[in-house]
Amino acid sequence: MTIETVGIVGAGQMGNGIAHVFALAGYNVLLNDIAQDSLDKAMATIEKNLDRQVSREKITAEDKAATLARITTTLTLTDLGQTDLVIEAATEREDVKNQIFKTLVPHLKPTTILASNTSSISITRLASKTDRPERFMGVHFMNPVPVMKLVELIRGIATDDETYQTMLAIVAKLGKTAASAEDFPAFIVNRILIPMINEAVYTLYEGVGNVQSIDMAMKLGANHPMGPLELADFIGLDTCLAIMHVLHDGLADTKYRPCPLLVKYVEAGWLGRKTGRGFYDYRGETPVPTR
């Protein structure tokens, strides 16, 4: 199956990163969002990240120019209908994703592959809301997309082998490594990672350590590059909470109960780096722990 054009729904930190790596690999990309300022911010981020790659001699200035030239933006979701592959990278809410697919599906070519960058939601369930469950699968990139090498590939119960093999080849062309995961809540990476973060929040909630101590303990004691609370802020506390809800609901095990403190931070709108405050306050020159 030949893939030349790629549509991406959502221009946030995941969407713009996915657009970046596809365009750099030679694909023509159509990037969609509901807000023009989000598209403008995405293009500025992509250019900044390409500049960083040029400065580190990972790519040339010519590569950068060619990559930017391959990306087009649009506010109209249905414009993605004529692309060969559409990757949904919207917020981690199943109702939002289903509405996107409902709007988009009538405009797709019969051969178009649909994929979701969901980090936790059932691929089988998402696929069942479309007209092409055989051509639907999970393609979960890691953040930041231009840097991280792993892509989780998740087949729904109906995903056919041609679709899987096509996506496997695309991941290789992007210069990344695929890990195949079964369609269970949160797949592999977040099934392990997010409960660890949730346990770190419980450790804070119960007063075992403060933010700084918990992060320092895991960085220096377990050789993690980022502390779990710092990482939670980077991912987004709303995303962490959404994944814990998926795990708790999908596996019916109390060990996946979201920490009340995580719920409280999300209710306060303290979602991490993207809102300026989470377990750290980012509004000054250097991040300051909030507890």
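This briefing walks through the overall build of the protein and a handful of its residues.

Welcome to a predicted model, where local features need pLDDT of at least 70, side-chain atom pairs count only at pLDDT 80 or more, and totals for chains, interfaces and linings use all residues. Residues are numbered from 1 along each chain as its sequence is written, and side-chain values use heavy atoms, with hydrogens and water left out. The protein has eleven helices and ten strands; these are DSSP runs numbered from the N terminus, with helices being H or I of at least four residues and strands E of at least two.

**Overall build**

- The radius of gyration is 19 Å, close to the 19 Å that the globule rule gives for 291 residues, so the protein is as compact as a globular protein of that length. The radius is taken over C-alpha atoms, and the rule is 2.2 Å times the number of residues to the power 0.38.
- Along the principal axes, the C-alpha atoms fill a box of roughly 55 × 45 × 30 Å.
- Of the 291 residues, 48% count as buried (buried is under 20% relative accessible area, exposed over 50%, and partly exposed in between, with a 1.4 Å probe and protein chains only).
- Among contacts between residues at least 6 apart in sequence, 65% join residues at least 24 apart; contact means heavy atoms within 4.5 Å.

**Surface and charge**

- The mean positions of the 29 positive and 34 negative charges are 3 Å apart. Lys and Arg count as positive, Asp and Glu as negative, while His and the chain ends are not counted; each charge is placed at NZ of Lys, CZ of Arg, CG of Asp or CD of Glu.

**Cysteines**

- You will find zero disulfides here, a disulfide being a pair of cysteine sulfur atoms within 2.5 Å.
- For Cys240, the closest cysteine sulfur is in Cys259, 12 Å away, which is too far for a bond.
- Cys240 is buried at 1% relative accessibility, and Cys259 is buried at 0%.

**Backbone features in loops**

- A cis peptide bond, with omega about 0°, joins Asn143 and Pro144. Pro144 sits in the loop between strand E6 (136-141) and strand E7 (150-155).
- Phe187 is not a glycine, yet its phi is positive, about 60°. Phe187 belongs to the loop between strand E8 (177-181) and helix H7 (189-205) and is buried, at 5% relative accessibility.
- Asn223 also has a positive phi of about 60° without being a glycine. Asn223 lies in the loop between helix H8 (211-221) and helix H9 (228-235), where its relative accessible area of 68% makes it exposed.

- Thr76, in the loop between strand E3 (71-74) and strand E4 (85-88), is partly exposed at 37% relative accessible area. Its C-alpha atom is separated by 6.9 Å from that of Asn32, 44 residues apart along the chain.
- Leu108, in the loop between helix H4 (94-104) and strand E5 (113-116), is buried with a relative accessible area of 10%. Leaving aside neighbours within four places in sequence, Leu108 is in contact with Leu80, Gly81, Val86, Leu114 and Arg132.
- Leu108 and Ala90 are 18 residues apart in sequence, and their C-alpha atoms are 18 Å apart in space.
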